[in-house]
Amino acid sequence: MHELAITQSVVDSVCERAGGLPVRSVRVRVGVLTAVVPDSMRFCFGLVTEGTVAEGAQLEIDQPPGAGRCRTCGAEFTLTDLILLCPCGSADVEITSGQELQIVSMKVG
């Protein structure tokens, strides 16, 4: 379960930045193409925050959709998984969103 390692990294970063202040909430952006399951991440968040300044904090997850652009025909379209195939049939597709994995904000104090 890679969500545990990812969530541990998020919590480590948040706790380091909090400077000892209690963390009330953390907002992350996790694109749908990252294969991170939001419910699993929430579960892991509760586990890895125990005994830290982030214990009891709320985890908010924004999940932007996947999007791609065909290098052959120029079409832009939604991607729901990593099968990169344009409606025109071309597999020459550039992913333009949906792979984000970042801490957006946190509330402390």
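Strands S3 and S4 pair in the antiparallel sense over four bridges; strands here are DSSP runs of E of at least two residues, helices runs of H or I of at least four, both numbered from the N terminus, and two strands pair if DSSP finds at least two bridges between them. The model is predicted, so local features need pLDDT of at least 70 and side-chain atom pairs count only at pLDDT 80 or more, while totals for chains, interfaces and linings use all residues. Residues are numbered from 1 along each chain as its sequence is written, and side-chain values use heavy atoms, with hydrogens and water left out.

Five residues lie between the strands in the hairpin of S3 and S4, where Gly 74 has a positive phi near 85 degrees. Strand S3 (residues 66–70) is also joined to S5 by four bridges, again antiparallel. Gly 68 stands opposite Phe 77 in S4 and opposite Ile 95 in S5.

The largest nonpolar core has 18 residues. Such a core is a set of buried Ala, Val, Leu, Ile, Met, Phe, Trp, Tyr and Cys residues joined through side-chain atoms within 4.5 Å, buried being under 20% relative accessible area with a 1.4 Å probe, protein chains only. Two or more residues each come from helix H1 (2–18), strand S1 (23–30), helix H2 (38–48) and strand S2 (58–62), and H1 gives the most, with six. A second, separate core of six residues includes Leu 33, Cys 70, Phe 77 and Leu 79.

Terms used: Buried < 20%, exposed > 50% of the residue type's maximum accessible area, 1.4 Å probe, protein only.
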